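Here's a quick tour of a protein model, written for someone just starting out. Have a look at the picture first, then work through the points below.

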Amino acid sequence: MQRACSVAIDEFDLRLLNRYQHGMPLSERPYRAMAEALGCSEARLLDCLRSLRQQGVLNRAGPVFEHRRAGASTLAALAVDDGQLDSVAAAISRYPEVNHNYVRDHHYNLWFVLTAPNRARIDNILAEIAADTGLEPLDLPMRRAYRIDLGFSLGIPA
């Protein structure tokens, strides 16, 4: 399923997105540190992040942790009718254990990653999702780790 994207992104937005795809500051005030590095106020940076999220450009801003240190994780998928994708995705995103979900062109078209303190919590969430949606999640726990860089250049220097 392809969706059109029409958003207003300025040079500051691009600098922010380009610079912080990696290396979010690990400090008491990471957004202040990001703002200082970009030469703006913390309030402006937070407003920018809010706007990008509201426009659907940005899903989240925060560090990514090694999942095995967090407890347990799995990649899961659902086969969702196209007319239900937005509502099911919103329901799944309400779980703090879901760090992102995305649509793919496949029978299993809504994919998401769950990270929880233990496998029992993952199993409980998958059971809740099945009960709430009437759909049986495909559960694909990782067997071997692969490191891939999910960042990409937005065409301007950070």
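Out of 158 residues in the protein chain, 30% count as buried, where buried means under 20% relative accessible area, exposed means over 50%, and partly exposed is in between (1.4 Å probe, protein chains only). Keep in mind that this is a predicted model, so local features need pLDDT of at least 70 and side-chain atom pairs count only at pLDDT 80 or more, while totals for chains, interfaces and linings use all residues. Residues are numbered from 1 along each chain as its sequence is written, and side-chain values use heavy atoms, with hydrogens and water left out.

**The whole chain**

- The protein chain has 6 helices and 4 strands; helices (H or I, at least four residues) and strands (E, at least two) are DSSP runs, numbered from the N terminus.
- If you walk along the sequence, the pattern reads α-α-α-α-β-α-β-β-α-β.
- Take the contacts (heavy atoms within 4.5 Å) between residues at least 6 apart in sequence: 63% of them join residues at least 24 apart.
- The accessible surface of the chain comes to about 10600 Å², and 50% of that belongs to carbon and sulfur atoms; the areas come from the Shrake-Rupley method with a 1.4 Å probe, and for residues only the protein chains shown count as cover.

**How the helices pack**

- Two packed helices are described by the angle between their axes and the distance between the axes.
- Here, axes are lines fitted to C-alpha atoms, for helices over the stretch in contact, and angles run from 0 to 180 degrees between N-to-C directions.
- Helix 2 (residues 30-38) packs against helix 3 (residues 42-54) at an angle of about 100°, and their axes are 8 Å apart.
- That angle makes helix 2 roughly perpendicular to helix 3; the cut-offs are under 35 degrees for roughly parallel, over 145 for roughly antiparallel, 65 to 115 for roughly perpendicular, and oblique for the rest.
- On the helix 2 side, the contact uses Tyr31, Arg32, Met34, Ala35 and Leu38, while helix 3 brings Glu42, Leu45, Leu46 and Leu49.
- Sorted by class, this contact of helix 2 with helix 3 has 7 nonpolar, no polar and 2 charged residues; Ala, Val, Leu, Ile, Met, Phe, Trp, Tyr, Cys and Pro count as nonpolar, Asp, Glu, Lys and Arg as charged, and the others, Gly among them, as polar.
- Helix 1 (residues 11-19) meets helix 3 too: their axes come within 11 Å and cross at roughly 90°.
- So helix 1 is roughly perpendicular to helix 3.
- Phe12, Asp13, Leu16 and Leu17 of helix 1 meet Arg44, Leu45, Cys48, Leu49 and Leu52 of helix 3.
- The contact of helix 1 with helix 3 divides into 7 nonpolar, no polar and 2 charged residues.

**The cysteines**

- How many disulfides (pairs of cysteine sulfur atoms within 2.5 Å) are there? The count comes to 0.
- Cys40 is in no disulfide, and its nearest cysteine sulfur, that of Cys48, is 7.9 Å away.
- Cys40 is buried, at 16% relative accessible area, and Cys48 is buried as well, at 8%.

- Leu110 is in strand 3 (residues 110-116), and is buried, with 0% relative accessibility.
- Asp81, in the loop between strand 1 (72-78) and helix 5, is exposed, with a relative accessible area of 61%.
- Asp81 and Leu110 are 29 residues apart in sequence and 9.8 Å apart C-alpha to C-alpha.

- Ile129 belongs to helix 6 (residues 119-133) and is buried, at 2% relative accessible area.
- Not counting residues up to four places away, the residues Ile129 touches include Leu78, Ile92, Tyr95 and Phe112.
- Between Ile129 and Leu78 there are 9.6 Å, C-alpha to C-alpha, and they are 51 residues apart in sequence.
- Glu97 is in the loop between helix 5 (85-93) and strand 2 (98-103), and counts as buried at 13% relative accessibility.
- Among the residues Glu97 touches, again not counting residues up to four places away in sequence, are Val113, Thr115, Arg121 and Ile125.

Terms used:
Disulfide = S-S within 2.5 Å.
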